[in-house]
Amino acid sequence: MATATATAVESDLQFSPQAHGKNFNRILGDLKRANLSLGNRLRSIRADADFVSSVATSFSGRPVVANERCGSWYVDPALKAASAYFKSTDGHTGQWNFSTRRLNLHLLSLIGKSDGCIVVDSTRRGKAMPDALSKTVPIWCCVLNRVLFPEEEYAQAGAHALYTPPAVVSRSEHAQAEARIADHVEALKGLGVDVDALRSAVKKPLRPLWITPDSGGVNPPPIFDDYHPIICCTSSRRVLGTEMSEGGYIQGAGDDTENWALGLTAALFWEHADKLLPMCEDAYPSLGETIEHLVFEHSMATRVPILPRTPPLEVAQDLFVGQTPVSGPRDPDQAIITIVPKTTEPYTWVQSKRRMEVGIGKHRKLAGRNLRTALGPICDFVDAFLARGLKSPDLSPKPRHILVVCETGKDLSVGVALAIMCRFYDDNGMCIYYLPRGYRGINPADTDTDAGAEVHGNENENVNKALIKRRLSRIMMAFPEANPSRATLQSVNSYLMG
């Protein structure tokens, strides 16, 4: 007897809800990882850099400035004229800040010589442009215009107004940001910057303009008669959906490199771009291994972390900051203070009258915190070294050179130099030891007493936040790449103000 064979239909299929969810999430995770692959990131960076190159061509002659941390990924080194440090967090809603730490005043000479500049940055998926370009740079331009061009004629011409991209910044947010400009102006003036020198670097007020891959290029470029254009170039095109819908293109691919780059830096990428980019296809699964090999070779060749070496820079009279390693002091009138990435006992720090090696820890945050206890012995060492310069045979002060170095040349060494400047230097960057008492450039507003009472013997007393800010601004103007951590600056403040 024949039996009927049941035919399965779709409604007969049964799935475990738990298994279905796990499998679906796993598949989505795999797809996301595939689209955020190392190869896709490098290809996306290359595509964004091509757009930046086209903008540079359109605005021919204007220098390209990479806004760090990630701006250098999108700028061919052949085009890069400088780096800038406009933080997106300063432009976040409710912040609208003007940084007195990152003044970016080194850009003014570039802007004046070339009638403007192009500032390059990118942002994460979904945003049209980073807050650094839509708000931080416009605030910077507005504050500088009011300080450098205070005349009423410039105000009437609109130079004192805040300009933001209306498609990105709402009228309400624009008004709130503009309401804070007057306070930012006073903060900049309080740093005691040389306004006349800055004014001489630029011929016209500054005006931000914005360009993105969605807005297209500019050809031919307009002529700017009344202002220097600060062209805020967003390198990445906007992705509203997911990378899966964009053929693997990743918006802001150069961001968060600690999560994907395997030690690759922007400089190393561009050095080996011709080798790496062809390997971004699926047929070359060894891309990651190649990058790790390049990183290893580079680190072995330099014997230091993969960072551009920082030559010693003078941040005040005969006071330099730099990067390890350095040889011992060869000049009898030079002292070297080395901050080493290990912990050592304080009794071992002073190795001679001209050399000090201070070990306060390997990790950046820990070392920054430990710096507080080390600054007293360091400044005592400097005090004694400078005092010996007063005992020259002809009784005239003999200049003494001080070099402070750390592993990066940008963090702990800068904090130490800041403490030294606050203790032993005046507002003009001159060592108090070598100045006549009547010629010490001290701002009375820096202390709670009059200017004459501030200097006792050969150092400043009654140091407060205003004085520290002024000295830090001097360092940042001399060394824009300096990057003292919050922990480092807190240690300096704690040491100086108790």
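D121 stands opposite T234 of β5. The two strands involved, β3 (residues 117-121) and β5 (residues 228-234), pair in the parallel sense over five bridges; pairing here requires at least two bridges found by DSSP between two strands. Strands (E, at least two residues) and helices (H or I, at least four) are DSSP runs numbered from the N terminus. The model is predicted, so local features need pLDDT of at least 70 and side-chain atom pairs count only at pLDDT 80 or more, while totals for chains, interfaces and linings use all residues. Residues are numbered from 1 along each chain as its sequence is written, and side-chain values use heavy atoms, without hydrogens and water.

β3 and β5 belong to an open sheet of five strands in the order β2-β1-β3-β5-β4, with parallel pairing. At its edges are β2 (80-84) and β4 (206-211), each pairing on one side only. The twist from one strand to the next averages 30°. Helix α2 (residues 38-58) packs on this sheet, touching β1 (64-67), β3, β4 and β5, and its direction makes about 160° with that of β5. Contact means heavy atoms within 4.5 Å; axes are lines fitted to C-alpha atoms, for helices over the stretch in contact, with angles from 0 to 180 degrees between N-to-C directions. Helix α4 (residues 131-148) lies across β1, β3, β4 and β5, at about 165° to β4.

Another open sheet has six strands, ordered β6-β7-β11-β8-β10-β9, with mixed pairing. Its edge strands, β6 (313-316) and β9 (350-352), have a single partner strand each, so one side of each is left without a neighbour in the sheet. β6 runs antiparallel to β7 (residues 319-323), joined by three bridges, and L313 stands opposite V321 in β7.
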